[in-house]
Amino acid sequence: MQPIDPQKWLRNKARISPYEIAFWIAALIIPYAFFPNYLALASQIAATAIFCIALDLIIGYAGIISLGHAAFFGLGAYAAGILSQKGWGEPISGALFGAIFAGFCGWIVSFMIVRVQHLALLMITLGLGFLLVELANTLDWLTGGSDGLLGIDTWNLFGVFKFTFWGYTAYGYTLGAAFLVFLLCRRLVNSPFGLALETIRENPQRTTALGVPNRARLQKVFTISAAIAGLAGAILAQTTETVSLDSLGFQRSADIAVMLILGGTGRLYGAILGSIIFLVARDQLSGMNPQYWYFWIGLLLMIVVLFMPRGILGGLEKIKSKLSTKPNQKVDGA
Amino acid sequence: MSQILAVLFDGFAYGMLLFLLSVGLSVTLGLMNFINLAHGAFAMIGGYVTFALVSLAGWPFLATLPFAFLITAIIAAGFEVLLFRRIYQSGELNQVLFTIGFVFSMSAVAAYLFGTVNQSVKMPEFLTGFIELAGVKLPSYRIFLAAIALVVTIIVVAGLEYTRFGAMVRASVDNQKVARGLGLNVSKIFALTFAIGSGLAGLGGALSIEILSLDPSFGFHILVLVLIVVAVGGLGSVWGSFVAAACLGIFDVMGKYLFPELGSFLIYLFMVVLLFYKPLGLFGKR
């Protein structure tokens, strides 16, 4: 057996497949060409996909389960929204400001996160989320409290493209951001750093023995994930020109985790697919009483956990590998 | 002075209600290590059982309480056999999402059956008034709650520590393989434990109609509170849950009385800080 060259192995893993190129071209063309009435929804999906990728980084790759990641989404949204409300509405710098602010908060929180596990981790992330909602509600002179943040005015993108009600600019802007975030994360998870994260998830004792600084690695990825979540929040705030308390809340954290599990963790595209399916389904079924919509979501969740624990993409992959390995097994048997 | 005492007692009784809602979770989550967010849904089921019996069938409130426990326990046992036992070995995230999915579905079913309005039930006369104790006027329903909570604590602790079944539960939890080897039917014991834990949630749900309001999102409203009680009290410690629930109730009511603008902020802050320094909770062992 040939010894494996690690660099080469990583490069192979990171090779871009034609499906991926086709996917991103389709993501650019299909909404503009065929669903121009749904561009607002499409940009909401793209922003949610960014958020979902952020969650995938920590849950799928690093194995840190967070039930309150919407906190960072909301922090980014409020940061960008308040900046714009106070008179600086340039979108790109505003989004970066939101991302940096959320990332900074994530960095502070990460000192706590990496020191606890299991139920305490779940409860601390949950608790921080609720804490922030209460705080935002109390500081209503800054955040508008339960009325939401009003008076956001986003300037033209590159000084040229105006953000209109129809969302032509919004979708291009959000999709561009999603693409850049995706490229960054793809690079990240296919790097030695990403590999270290997966190893920590699988066996933290062994990585310690190998000399990997577990906590430092986890803190780094948590900070990155918080910043990306903040970016998603900031972009959604800029394109919808409003921020409300529920952008911080548990409901959003739960929804995003549902999307991630639905699509499949630890594969980036799972996050994207999950947000597309969830939000399109919700939009199409919005005529239904929301109570009943949650019946189907709950049922779907239980089915996915029971029968497709690695999500839709994981399930597809399993079917594909079964189909392709069957002939080989027959050869082995003979 | 008497006003402070009244507020303190109010908080304590509220804490006892939280304890009744969470003692079952301290059994399923604490002992079986199953992250059971569906607990709130079972509390909701118990609440609706009592509501249906009182308002639709005309039973007296007290007579419905055993049935709130029993019917919820039977429903829970059914779901345990059908669904929950399949995910005892799954990862935390899958358990969380599966049980949240269960709460979603159950609240939709409740909305379908009973509508989305707040429901209340008719209380017997002697539970609606006030009782004067040492110059302090106390609502009699809250005294009733505290008494039931004490009785339930004693039964649960005694049941776990001193009965044969309790010993079997502890053995199955500590080491499933050895327990099986000794001839214990571990899956049956787990199903029974789950049913009893959920039945207690049902009882808590029935008792809380009067204080919290009963609507289809009840399972979510109490979820965070009961999780806080169990996590702060320490996994697998019934006394821990008791102490944590009492403190939480008093803190919450006092906090809202003294600093109304901070709302529940202080409670979440307290929980986060405490769990950071003591991830196992106040009395957690494992």
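Colleague: Which residues of α11(B) are buried?

Modeller: An α-helix has 3.6 residues a turn, so residues three or four places apart point the same way. In α11(B), the buried residues are B:I267, B:Y268, B:M271, B:V272, B:L274 and B:L275. Buried means that 20 or more other C-beta atoms, placed from the backbone, lie within 10 Å of the residue's own. Helices are DSSP runs of H or I with at least four residues, numbered from the N terminus. This is a predicted model, in which local features need pLDDT of at least 70, side-chain atom pairs count only at pLDDT 80 or more, and totals for chains, interfaces and linings use all residues. Residues are numbered from 1 along each chain as its sequence is written, and chains are lettered from A and ligands numbered from 1 in the order in which they are written.

Colleague: What do the buried residues of α11(B) pack against?

Modeller: They pack against α6 (118-138) of chain A, together with α9 and α10 (238-258) of chain B. A contact is counted when C-beta atoms, placed from the backbone, lie within 7 Å.

Colleague: At what angle do α6(A) and α9(B) pack?

Modeller: Two packed helices are described by the angle between their axes and the distance between the axes. For α6(A) and α9(B) the angle is about 135 degrees and the axes are 11 Å apart. These two helices are therefore oblique to each other (angles under 35 degrees count as roughly parallel, over 145 as roughly antiparallel, 65 to 115 as roughly perpendicular and the rest as oblique). A:L119, A:A120, A:M123, A:L126 and A:F130 of α6(A) meet B:V224, B:L227 and B:A231 of α9(B). By class, that contact has eight nonpolar, no polar and no charged residues (Ala, Val, Leu, Ile, Met, Phe, Trp, Tyr, Cys and Pro count as nonpolar, Asp, Glu, Lys and Arg as charged, and the others, Gly among them, as polar).

Colleague: How many residues of chain B are in contact with chain A?

Modeller: There are 37 in chain B, and they touch 34 residues of chain A. The largest share of the chain B side, 14 residues, comes from α4(B). By class, this side has 26 nonpolar, eight polar and three charged residues.

Colleague: How far apart are the axes of α6 and α8 within chain B?

Modeller: Helix α6 (residues 164-174) and helix α8 (residues 186-208) of chain B have axes 10 Å apart, at an angle of about 115 degrees. α6(B) and α8(B) are therefore roughly perpendicular to each other.

Methods: Contact = placed C-beta atoms within 7 Å. Axes fitted to C-alpha atoms, helices over the stretch in contact; angles between N-to-C directions. Buried ≥ 20, exposed ≤ 12 C-beta atoms within 10 Å, placed from the backbone.
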